[in-house]
Amino acid sequence: MAVGYNPRTVTDGLVLALDAGNPKNYNASISTNWTDKGGGNTGTLVNGTYHNDGPFVGAGYVEFDGTGDYLTAGSASDWTFLNDGSTFTAECWFYSQSTSQQTLLNTASTQSAVGFTVNLSDTSTGDIAVAIYKGTSGALKATSTGTLWNTNTWNHVAVVYSSSTLTIYLNGVSVATADGSSFAFNGSNPSFTLAIGSYQLATPGGYVNRYISNVRLVNGTALYTTNFIPPTNPLPTLTKPTPPNRI
């Protein structure tokens, strides 16, 4: 699962930059870990299979088969910025062969716990749902509507929280927003570390039957504020921001 390694990538707040496409980071015959080139959050892959080709040249991806494959990264305290009201960007590419409900990114052990999730909804129209959970007292949610992501092809999804607005971009187009101006965020650590390919790992389950590539999480920067062309090569150099919240 390439998460865009590039030696020229420099940014304050880059919290996760794993890269399966770089052989210096991953060796299938030796290790199941990816070295994080951004924030020190090495990812550990369980069962998933790495492939060299992906959504663009040099991307690479991990194939999750839905029967126990997942990847974790960091510890719970590394991902507090995803649920405490900080500005952030979370993005990845995914390839799906069905429209069944499955989760791409998740830090919540249950839907009533503190955390963050990006979910492919169980609909024939391919909706995407994002939730920032503050515990049993509720969640800030954005859900897209209409025919959106497509099966049997690569799709890019980006989630941005900035200026009190949660926005979902699909293939570079804004498809849903939610107003967080009156939402009382929970500033405590999420209930689980970052899981890629499973909706919760406290009791393992909900495994994704998908391909996932180029996961990137940035704390303190809204990389996308309008519609955009999804990145199709290794992550470029980013302008160094001055975020209010940094890891």
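**Exercise 1.** Which residues of the largest nonpolar core touch the most other members?

Solution. The model is predicted: local features need pLDDT of at least 70, side-chain atom pairs count only at pLDDT 80 or more, and totals for chains, interfaces and linings use all residues. Residues are numbered from 1 along each chain as its sequence is written, and side-chain values use heavy atoms, with hydrogens and water left out.

Step 1. A nonpolar core is a set of buried Ala, Val, Leu, Ile, Met, Phe, Trp, Tyr and Cys residues joined through side-chain atoms within 4.5 Å. Buried means under 20% relative accessible area (1.4 Å probe, protein chains only).

Step 2. The largest such core has 37 residues, and F88, L104, F116 and L166 touch the most other members. Strand β7 gives the most to this core, with 4 residues; strands are DSSP runs (E, at least two residues), numbered from the N terminus.

**Exercise 2.** Describe how strand β7 (residues 88-96) is placed.

Solution. Step 1. Because 9 of its 9 residues are buried, β7 is largely enclosed by the rest of the structure.

Step 1. F88, A90, C92, F94 and S96 point one way, while T89, E91, W93 and Y95 point the other way.

Step 2. β7 pairs with strand β12 (residues 154-162) in the antiparallel sense over 8 bridges; pairing requires that DSSP finds at least two bridges between the strands. C92 has V157 of β12 as its bridge partner.

Terms used
Buried < 20%, exposed > 50% of the residue type's maximum accessible area, 1.4 Å probe, protein only.
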